[in-house]
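Hi,

Here is the structure I promised to pass along.

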Amino acid sequence: MVSVLIAPDKFKGSLSADDVALALERGLLEGAPHARVHRLAPADGGEGSVAAACAGRFRPETVTVTGPTGLPLTARVAVDSRTRTAVVEAAAVCGLGVLPYGRTAPLTATSRGLGQAVRHALASGADTVVLALGGVATTDGGAGLLQSLGAVLAREDGTPIGPGGRGLAGLRTADLAEARSALAGVDLVLATDVDNPLLGPAGAAAVYGPQKGATASDVRELDDALGAFVRGLEAAGVPDAARLARMPGAGAAGGLGFAGMLLGGRVRSGADYFLTLLGADELLAGSDLVITGEGSLDEQSLAGKLPVALARRARRQGVPVHAVAGRCTLPADRTAAHFRSVQALADLTDEDCASDSALSARLLARCGRTLADRWIG
């Protein structure tokens with residue numbers, strides 16, 4: 001009996017990772033009913049990270065936090081009491097998907113709720129906290145996170161700086177002692193596959209600000225404010241601020257990577273971290289074939305996003321990997337190093353399947369049948 005591992009990423013805006021896996025499984029079993037299928041719905045540190053953890057041995061806990069625009073919202077934290085590990089997903093707390101009515105607030109959105117969720121995780125007994133960084137609505141350099149953990153970030157008159165990136169320029173006094181004390185003895189993991197620095201043309205504001213509703217002038221204001229934030233921290237006695245701002249990953253999630261580094265966090269590949277967390281290597285060891293994929297297979301994928309990270313692990317165990325994507329912009333010679341075959345939904349229809357989840361599911365099932373016919377028989 002052929003054993004198949006189906007482990008895709010989400011098709012953003014269309015289907016969750018689990019929905020993608022289910023559609024592929026349905027088609028695969030139509031063509032190869034004798035196959036034994038294992039589904040895995042991993043994450044890469046972005047949206048869906050808590051759900052991915054809870055699909056394993058983690059349990060969800062509900063927490064009420066301050067949302068990106070200051071309104072309360074309910075989110076979930078994943079906790080594993082056995083390993084004393086918690087996964088806190090930035091997208092669930094201050095993400096684009098939780099903005100009231102979908103209205104962006106690029107200059108004022110805050111990450112304050114993320115610190116509140118971290119406090120909940122610590123109160124649950126976690127001594128390893130994984131911050132899943134991705135999909136946020138904020139570009140505040142993680143100032144909200146720092147403040148809710150006890151950091152003092154104040155203006156000239158002693159009042160706290162305002163919310164969001166716009167408030168950073170007013171920083172005159174900073175004290176991170178209480179925030180750092182709150183995480184003393186805690187292994188803080190910054191799960192991200194973003195390697196941008198905090199500032200400049202490759203930084204948080206320039207690269208990701210437009211996705212959060214920032215205009216060209218907003219981007220300039222945010223980048224200037226983030227620069228002022230770094231200088232203000234250094235002037236207030238945080239000597240490693242400028243160095244950390246230049247580190248790969250500092251620009252992740254609107255600067256939450258930078259704030260996490262200030263708190264002693266270590267950057268880890270989100271895809272690799274969650275694959276390990278969910279036991280992918282053990283599943284690969286018992287598999288004859290792997291199917292993975294994501295919404296867009298492109299240059300960013302080759303930097304180590306989930307499908308490529310999984311393919312690298314599978315190659316070490318000699319297991320062939322096939323990819324299915326919403327679209328593929330890579331030539332065959334670039335994908336051949338990782339995948340035995342690639343199917344793109346965009347090649348199967350003239351319709352916009354990215355905005356039609358039902359169509360995407362039908363096409364994924366078709367891809368599953370094709371894989372069964374060609375590679376399983």
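Quick one to start: is Asp127 buried, partly exposed or exposed? Bear in mind that this is a predicted model. Asp127 comes out as partly exposed, at a relative accessible area of 27%, which puts it between the 20% limit for buried and the 50% limit for exposed.

Asp127 has a salt-bridge partner in Arg84, with the closest N and O atoms 3.6 Å apart. That pair links distant parts of the chain: Asp127 sits in the loop between helix H4 and strand E6, Arg84 in the loop between E4 and strand E5, 43 residues apart. Arg84 is partly exposed too, at 44%.

In total the structure has 15 salt bridges. Another one joins the side chains of Arg57 and Asp80, at 2.7 Å from N to O. Arg57 is in the loop between helix H2 and strand E3 while Asp80 is in strand E4, so this contact ties together parts 23 residues apart in sequence. Arg57 is partly exposed at 44%, whereas Asp80 is buried at 4%.

Then there's Glu221 with Arg166, whose closest N and O atoms are 2.9 Å apart. Since Glu221 belongs to helix H8 and Arg166 to the loop between strands E7 and E8, the pair ties together parts 55 residues apart in sequence. There's also a salt-bridge network linking Asp18, Glu25 and Arg39.

Among the buried ones are Tyr273, Phe274 and Leu277. Just after H11, Gly279 has a positive phi of about 75 degrees.

Cheers

Notes
Residues numbered from 1 in each chain as written. Predicted model: local features only at pLDDT ≥ 70, side-chain atom pairs only at ≥ 80, totals over all residues. Heavy atoms only, no water. Buried < 20%, exposed > 50% of the residue type's maximum accessible area, 1.4 Å probe, protein only. Helix = DSSP H or I, 4+ residues; strand = E, 2+ residues; numbered from the N terminus. Salt bridge = Lys/Arg side-chain N within 4 Å of Asp/Glu carboxyl O.
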